[in-house]
Amino acid sequence: MLVRALLVMLVLCALISAALVFEAASKTASALDMIRSAKASQSPVVQSQILLRAETSLRESWARPTLWHAGAAEALSGAYMLDAEIRSDPQLYAESARWAEISLRRAPVQPHAWTRLALLSDAGYPNSLCDIAECLTKSWQAAAITDPETDCARLQLAHRHDLLLPQDPRISTYLRSGVSRRQAAQCLSFLEPDVLYDALMDTAGRAAQ
């Protein structure tokens with residue numbers, strides 16, 4: 001009987017653990033979808049409403065994923081960041097930095113969180129993990145290519161702080177990531193026109209080969 005009871009308890013524990021993981025992953029994915037929807041909206045009021053739903057779903061889930069799940073903490077940081085930009089709210093910027101730091105302490109291989117910390121440090125919201133240069137380096141180490149918005153933000157921030165090399169290979173990687181020529185030209189407008197033109201032509205030539 002004791003063995004059977006122990007087996008039942010082990011099965012129940014496994015089921016509860018699986019349910020917790022599923023709930024955390026589900027709420028995180030849902031929050032990320034809402035953040036993307038908020039970015040796509042043209043109305044600040046609608047954006048704030050969507051982001052509030054995302055933040056609430058993460059904080060109030062029965063699994064409490066923000067207390068232990070790195071992805072949930074990262075999603076909450078992203079929601080706070082976008083909400084802060086809409087409202088120009090210093091408290092939300094600070095919360096975004098805090099949750100990005102929490103997420104990275106749980107799982108350091110998160111390029112978006114490292115990039116967000118770099119951007120927040122640049123905006124006057126430092127953290128205890130890294131300065132701007134270190135945050136950017138760790139972001140690129142985590143992933144050479146993420147998405148066009150993040151990849152561009154990393155390059156522009158690195159340029160502002162003189163962290164790019166002449167003919168930096170990270171620019172070449174960005175150009176080969178599938179961004180359109182128009183996107184690339186807008187993102188890399190800090191380059192000299194002739195340097196930008198040569199980089200775009202070189203990438204187009206390599207793609208045609």
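**Reading packing features in a predicted helical model**

Tutor: Ala63 is placed in the loop between α2 and α3. Keep in mind that this is a predicted model.

Student: Is Ala63 buried or exposed?

Tutor: Ala63 has a relative accessibility of 7%. Buried means under 20%, so Ala63 counts as buried.

Student: Which residues is Ala63 in contact with, leaving aside neighbours within four places in sequence?

Tutor: Those contacts are Leu20, Glu23 and Trp68. Glu23 is 40 residues from Ala63 along the chain, and the two C-alpha atoms are separated by 6.4 Å.

Student: What are the elements of the protein, from the N terminus on?

Tutor: The order is α-α-α-α-α-α-α-α-α-α, that is, 10 helices and 0 strands. The protein has 209 residues, of which 41% count as buried. Taking contacts between residues at least 6 apart in sequence, 54% join residues at least 24 apart.

Student: How should I read the packing of helix α2 and helix α3?

Tutor: Two packed helices are described by the angle between their axes and by the distance between those axes. Here α2 (residues 44–60) and α3 (residues 70–87) have axes that come within 10 Å and cross at roughly 155°. The pair is therefore roughly antiparallel. The crossing of α2 and α3 is left-handed.

Student: Which residues of α2 and α3 meet?

Tutor: From α2 they are Pro44, Gln47, Ser48, Leu51, Glu55, Leu58 and Arg59. From α3 they include Ala72, Ala75, Leu76, Ala79 and Tyr80, along with Leu82, Asp83, Ile86 and Arg87.

Student: Turning to rings, how many aromatic pairs does a search of the whole structure find?

Tutor: The search finds 1 aromatic pair. A pair of aromatic rings is described by the distance of the centres and the angle of the planes. In this case Tyr93 and Tyr125 are 5.3 Å apart, centre to centre, with 25° between the planes, and the pair is stacked.

Student: What does the pair of Tyr93 and Tyr125 tie together?

Tutor: Tyr93 lies in helix α4 (residues 90–106), while Tyr125 is in the loop between α5 (111–122) and α6 (132–142), so the pair ties together parts that are 32 residues apart in sequence. Tyr93 and Tyr125 are both buried.

Student: Where does the charged end of Lys138 sit?

Tutor: The charged end of Lys138 is over the ring of Trp114, at 5.5 Å from the ring's centre.

Student: And what lies over the face of Trp140?

Tutor: Arg170 does, 4.4 Å from the ring centre.

Key:
Residues numbered from 1 in each chain as written. Predicted model: local features only at pLDDT ≥ 70, side-chain atom pairs only at ≥ 80, totals over all residues. Heavy atoms only, no water. Phe/Tyr/Trp six-rings, centres within 6.5 Å; stacked < 30°, edge-to-face > 60°. Helix = DSSP H or I, 4+ residues; strand = E, 2+ residues; numbered from the N terminus. Buried < 20%, exposed > 50% of the residue type's maximum accessible area, 1.4 Å probe, protein only. Lys NZ or Arg CZ within 6 Å of the ring centre and 35° of its normal. Axes fitted to C-alpha atoms, helices over the stretch in contact; angles between N-to-C directions. Parallel < 35°, antiparallel > 145°, perpendicular 65-115°, else oblique. Left-handed = near helix turned anticlockwise from the far one by under 90°. Contact = heavy atoms within 4.5 Å.
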